[in-house]
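Keep the view open beside the text and follow along.

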Amino acid sequence: MNAPVTSPIIRVACRSVARLIQVFAIYVIFHGHYSPGGGFQGGALLAAAVILIRIAEGRVGSQREFPSGGALLLGSLGVLIFAGVGFIDLLAGGNFLQYEFTPLPEMTAAKAHYWSILIIEIGVGLAVMAVLVGIFDVLMEKPADD
């Protein structure tokens, strides 16, 4: 799977389907803070889109979309967003992830709760996507010759 697919039809179809998956994943992440779905499901869909491109374009050709080295950085950013909101709530006098205490300027507790959950969903989505793509990349590495 490290080599690209030779059929141009499959490559174009995979790229087109991957774009649709990405749009739906963004919808799931942004809609998930007040309905079923959210960061984990959206992150898994984003990872599926990147993996589909990896399969169609090969490892080298797909690096434009999402570099292999970016998985660790993006996963760390997602965890930092999640933990950051929780610790900000702690510093503001609430419990960890008690969204009403998130200090957002000129917002009521209900609005702060709404926006905090959305920020958390984005962080979780980034972390899940990066970890799943990273796992795929590690599994697809060629074994070392002994």
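Helices here are DSSP runs of H or I with at least four residues, strands are E runs of at least two, and both are numbered from the N terminus. D137 counts as buried because its relative accessibility is 5%. For this report, buried means under 20% relative accessible area, exposed means over 50%, and partly exposed is in between, with a 1.4 Å probe and protein chains only. Leaving aside residues up to four places away in sequence, D137 touches R54, R59 and S68. A contact means heavy atoms within 4.5 Å.

A word on the source: this is a predicted model, in which local features need pLDDT of at least 70 and side-chain atom pairs count only at pLDDT 80 or more, while totals for chains, interfaces and linings use all residues. Residues are numbered from 1 along each chain as its sequence is written, and side-chain values use heavy atoms, with hydrogens and water left out.

**The whole chain**

The protein chain has four helices and zero strands, in the order α-α-α-α along the sequence. Its C-alpha atoms fill a box of roughly 55 × 35 × 20 Å along the principal axes. Of the 146 residues in the protein chain, 35% are buried. Among contacts between residues at least 6 apart in sequence, 60% join residues at least 24 apart. The protein chain exposes about 8600 Å², and carbon and sulfur atoms supply 73% of that area. Accessible areas come from the Shrake-Rupley method with a 1.4 Å probe; for residues, only the protein chains shown count as cover.

**Aromatic pairs**

How many aromatic pairs does the structure hold? There are four aromatic pairs. The pair F82 and F96 is edge-to-face, because the ring centres are 6.4 Å apart and the planes stand at 65°. This pair links distant parts of the chain, with F82 in helix α3 (residues 70–91) and F96 in the loop between α3 and α4, 14 residues apart. Y114 and W115 form another edge-to-face pair, at 5.4 Å centre to centre and 85° between the planes. Rings of Phe, Tyr and Trp (its six-membered ring) pair if their centres lie within 6.5 Å; planes under 30 degrees apart count as stacked, over 60 as edge-to-face and the rest as tilted. F82, F87 and F96 form one aromatic cluster.

The table gives the accessibility of the residues in these two pairs.

| Residue | Relative accessibility | Class |
|---|---|---|
| F82 | 30% | partly exposed |
| F96 | 38% | partly exposed |
| Y114 | 36% | partly exposed |
| W115 | 36% | partly exposed |

Now for α3 itself. Its 22 residues should span 32 Å at 1.5 Å a residue, and the end C-alpha atoms are 31 Å apart, which agrees. The expected span is 1.5 Å times one less than the number of residues.

Which residues of α3 are buried? They are A71, G75, G78, V85, G86 and D89. These residues lie on the same side of α3, because they cover an arc of only 95° around the axis. The arc is that of the directions from the helix axis to the C-beta atoms. What covers the buried residues of α3 includes α4. On the other side of α3, L72, L73, L80 and L91 are exposed.

Just after α3, G93 takes a positive phi of about 105°. L97, in the loop between α3 and α4, also has a positive phi, about 60°, although it is not a glycine. Most residues other than glycine have a negative phi. With a relative accessible area of 19%, L97 is buried.

The largest nonpolar core has nine residues: A25, I29, L46, A47, V50, F66, A71, M129 and V133. A nonpolar core is a set of buried Ala, Val, Leu, Ile, Met, Phe, Trp, Tyr and Cys residues joined through side-chain atoms within 4.5 Å. At least two residues of this core come from each of α1 (8–31), α2 (39–61) and α4, and α2 gives the largest share, three residues.

I29 touches G38, G39, G42, G43, L46, L118, E121, I122 and G125, not counting residues up to four places away in sequence. A second, separate core has five residues, among them V85, L97, I117 and I120.
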